[in-house]
Amino acid sequence: MDCVFCQIVSGEIPGMKVYEDECTLVFMDIAKDVDGHMVAIPKKHVKSILDCDVETLTHLMATVKKVSNHCVDHCGYEGVNLLNASDESAGQSVPHFHIHIIPRKQSDGIDAWPRFDGAKQEIGTLFQQLRMR
């Protein structure tokens, strides 16, 4: 199997498992970019939220909430950033649905919000295109 996250689930490659249940897994991100950076995944291989069934998504979000609350309630953090990219066009680098959990403290100096160059189109036009009827 070529999916690195599926290999972590199967135990083919090691992962520092923070939380695991029958449907989901949360493990430490090895990028060493931010202290406490974790990745939450469904054990079932799904490429992104765009093709994820509702049951799998529900299980994953419940796990993300459980781990996020654990960080705040028991580990000295004050909040979390949750980050996801769905599809290569959005910056997804591993083709297995995942949500990054980054535990935060008020004074940690991390700016996890992306920098945007500014909207190029009129908001009313985009509203007409995006609203669901």
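Modeller: Contact, as I use the word, means heavy atoms within 4.5 Å. Counting contacts between residues at least 6 apart in sequence, 52% join residues at least 24 apart.

Colleague: What are we looking at, before we go on?

Modeller: A predicted model, in which local features need pLDDT of at least 70 and side-chain atom pairs count only at pLDDT 80 or more, while totals for chains, interfaces and linings use all residues. Residues are numbered from 1 along each chain as its sequence is written, and side-chain values use heavy atoms, with hydrogens and water left out.

Colleague: How many helices and strands does the protein have, and what makes a run of residues count as one?

Modeller: They are DSSP runs numbered from the N terminus: helices are H or I with at least four residues, strands are E with at least two. That gives 3 helices and 5 strands, running α-β-β-β-α-β-β-α from the N terminus on. Helix H2, for instance, takes in residues 54-74.

Colleague: In what order do the strands sit in the sheet?

Modeller: The order is S1-S2-S3-S5-S4, in an open sheet with antiparallel pairing. Two strands pair if DSSP finds at least two bridges between them.

Colleague: Why do you call S1 and S4 edge strands?

Modeller: Because S1 (17-20) and S4 (79-83) each have a single partner strand, one side of each is left without a neighbour in the sheet.

Colleague: What makes S3 and S5 a pair?

Modeller: Residues 38-42 (S3) and 99-104 (S5) share 3 bridges in the antiparallel sense, and the requirement is at least two, so they qualify. Met38, for one, has Ile101 of S5 as its bridge partner.

Colleague: What joins the side chains of Arg104 and Asp108?

Modeller: A polar contact of 2.7 Å. The term covers a pair of N or O atoms within 3.5 Å; within protein, one must be able to donate a hydrogen and the other to accept it, and residues adjacent in sequence count only if both atoms are side-chain atoms. The 2.7 Å value falls within that cut-off.

Colleague: How many residues does the protein have, and what share is buried?

Modeller: Of 133 residues, 29% are buried. As an example from the exposed class, Glu55 has a relative accessible area of 56%, so that residue is exposed.

Colleague: What makes Lys32 stand out?

Modeller: Lys32 has a positive phi of about 55° although it is not a glycine. Most residues other than glycine have a negative phi. Lys32 sits in the loop between S2 (24-28) and S3, and it counts as exposed because its relative accessibility is 80%.

Colleague: Which phi value does Asp87 have?

Modeller: Near 100°, again positive in a residue other than glycine.

Colleague: What makes Lys47 and Asp87 a salt bridge?

Modeller: A salt bridge needs a side-chain nitrogen of Lys or Arg within 4 Å of a carboxyl oxygen of Asp or Glu. Lys47 lies in the loop between S3 and H2 and Asp87 in the loop between S4 and S5, so the pair ties together parts that are 40 residues apart in sequence.

Colleague: At what N to O distance do Lys47 and Glu88 meet?

Modeller: At 3.1 Å, in another salt bridge. Glu88 is in the loop between S4 and S5, so this pair links parts 41 residues apart in sequence.

Colleague: How many salt bridges turn up in the whole structure?

Modeller: The search finds 7. Among them, Asp53 and Lys44 meet at 2.7 Å, N to O. Asp53 is partly exposed because its relative accessible area is 27%, and Lys44 also counts as partly exposed, at 47%.

Methods:
Buried < 20%, exposed > 50% of the residue type's maximum accessible area, 1.4 Å probe, protein only.
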